[in-house]
Amino acid sequence: MTSAKELMTFAADLKEEDERHIRKGLTEDELEIYDLLRKNKMTNEEEKKARLAAKALIKRLTEEAPKVLVQDWFKDSQTRLTVRDEVGKVLDTYQPEDSYEKDLFTEKRDKVFELTLELAINHRKWVA
């Protein structure tokens, strides 16, 4: 049985997590990307770069031309590769290999792309 104190602690934790994007200066979408880009031990500079990368990536995918998320982009393997490569380009700009070794960079790029793909396939975000 859950005590009232445990429920209050849980509610406070939920509120804190819900407001974390505000403290980080990010939208909820940017925070989701930022969390994927984080690594265990980050300097303040690396953390700043991760926030900038998250912001730039959301902007690139949703606003900038040439358009990346074309109609039904997630249904075509070639278009998927284009989106994945664009994710890599943006991350490379903000998270150069001196921040992440090559394997970790590739892992981070793939995780961000997989999230983007999953959300599009499920028609939750970034469907175009």
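Q: Which residues does arginine 109 touch, not counting residues up to four places away in sequence?
A: In this predicted model, local features need pLDDT of at least 70, side-chain atom pairs count only at pLDDT 80 or more, and totals for chains, interfaces and linings use all residues. Residues are numbered from 1 along each chain as its sequence is written, and side-chain values use heavy atoms, with hydrogens and water left out. Contact means heavy atoms within 4.5 Å. On that basis, the residues touched by arginine 109 are Arg84, Val87, Gly88 and Leu91.

Q: Is arginine 109 buried or exposed?
A: Arginine 109 lies in helix H5 (residues 102-121); helices are DSSP runs of H or I with at least four residues, numbered from the N terminus. Buried means under 20% relative accessible area, exposed over 50% and partly exposed in between, with a 1.4 Å probe and protein chains only. Because its relative accessible area is 16%, arginine 109 is buried.

Q: How far apart in space are threonine 43 and serine 99, C-alpha to C-alpha?
A: Threonine 43 sits in the loop between H2 and H3. Its relative accessibility is 43%, so threonine 43 counts as partly exposed. Threonine 43 and serine 99 are 56 residues apart in sequence, and their C-alpha distance in space is 9.7 Å.

Q: At roughly what angle do the axes of H2 and H3 cross?
A: Axes are lines fitted to C-alpha atoms, for helices over the stretch in contact, and angles run from 0 to 180 degrees between N-to-C directions. The axes of helix H2 (residues 28-37) and helix H3 (residues 44-62) come within 8 Å, and they cross at roughly 130°.

Conventions
Helix = DSSP H or I, 4+ residues; strand = E, 2+ residues; numbered from the N terminus.
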